[in-house]
Amino acid sequence: MANPSIILYYYPYSPYARRVVWYLTLRGIPYSQCIQPSMMPRPDVSRLGISYRRIPILSIGRDVYLDTRLQIPKLEALFPELPRLGATDADQLAVERLLSTFTTDSGLFDKAVQLLPTDLPLLQDPAYFRDRGDFIGGRLSREGMDAARPEALGELSQAFELLETTLLADGRDWILKTTRPSLADIEAVWPFHWLMGIPGALPEDRFSPAAFPRVYAWVQRFQGAVSAAKKQTGKPATLSGEAAAQAIVRAPFNEAEKAMDLEDAVVVAGGIQKGDRVRVWPTDTGSSGRDDGVLVGIDAREVVYETGEGDGMVRVHAPRHGFRVKKTTLDGNSKL
């Protein structure tokens, strides 16, 4: 599919959504946006037959992609006429992927959340703690965040120090010594950029340009590069939920149907076949948002299933890493 239409469902201060917005902006890929509330429910997403509750959600044509770890590689494969941001050298690709693991899978962001000042207006709303408690699958409170803050500061200090004394230690502008920000920079910068933009999150006696000059300068350079790119690309069009859903279901599919890996361990153990009803959900956060759909294909990297019916059907892609797939019956009961 040449130059497919792209729609991003997100809310602007989501640090995960910024990863995709930055990627689209730095590559100059045109897209439309459908702005979402920061807390559930999200009727615009429900229009697509999707219960998944994490942001962002990305549509490319009639295919919908969950999780930034899948969304960015899918975008990287598109628009060959535009310079890509990802590494091609094996060593640099390893650094890129390890940085993704460091910031996304290591628990670093969980520690960053614990540094949110509890006097923020959003944190005065009891609904926020109910919503985020459901998101993490546990109880969340201002008192708990205050108690966790000292340990979180220690973890973030180590993360700052790691970048300051290793990848940025020689004074390079960008992580892979590129001439402009690369995907490795996006993979690494987002939790640091997010915290630096929240007054009171990082105590100035421990976190400052004097304490970590290379990290602070790198984040500032990155923001400058994004701001310059935004001037070139302009603002994306904003769509209502109804308009976004109609645009998606009327578009052609971005990808051909994925084949079934019949030797996949989950497929074998569950007796799963193409056309079976399955339930798919993330296993770390947001696990209460579980999608039911009809299995299209599955392999070691992703699972693809259809939600909605008839003309309203869309094809949803979820990564295998951090997600669970189970065969279900029509009433939603698990068959495993």
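## Contacts of Trp218

Contact here means heavy atoms within 4.5 Å. In this predicted model, Trp218 touches Leu163, Leu168, Asp173, Trp174, Ile175, Asp185, Ala188 and Val189, with residues up to four places away in sequence left out of the list.

## Nonpolar cores

The largest nonpolar core has 67 residues, and within this core Phe160 and Trp218 touch the most other members. Helix α8, residues 183-196, gives the most to this core, with nine residues. A second, separate core has 28 residues, among them Val45, Ile57, Val64 and Val267. In soluble globular proteins, nonpolar side chains tend to be buried together.

## Strand pairing

Strand β1 (residues 6-10) and strand β2 (residues 32-35) run parallel and are joined by four bridges. Across this pairing, Tyr10 stands opposite Ile35 in β2.

## Largest pocket

The volume of the largest pocket is about 1,100 Å³. Its lining consists of 44 residues, of which Pro15, Tyr16, Phe109, Val113 and Phe135 are the closest to the centre.

Several helices contribute to this lining: the elements that give two or more residues are α1, α3 (68-76), α4 (90-105), α5 (108-113), α6 (126-136), α7 (142-165) and α8.

Definitions and conventions:
Residues are numbered from 1 along each chain as its sequence is written. This is a predicted model: local features need pLDDT of at least 70, side-chain atom pairs count only at pLDDT 80 or more; totals for chains, interfaces and linings use all residues. Side-chain values use heavy atoms; hydrogens and water are left out. Two strands pair if DSSP finds at least two bridges between them. A nonpolar core is a set of buried Ala, Val, Leu, Ile, Met, Phe, Trp, Tyr and Cys residues joined through side-chain atoms within 4.5 Å. Buried means under 20% relative accessible area, exposed over 50%, partly exposed in between (1.4 Å probe, protein chains only). On a 1 Å grid over the protein atoms alone, a cavity is a set of points where a 1.4 Å probe fits but cannot get out, and a pocket is an open set with protein on both sides within 12 Å along at least five of seven lines; lining residues have an atom within 4 Å of a point. Grid points are joined across faces, edges and corners, and a volume is the space filled by probe spheres set on the points.
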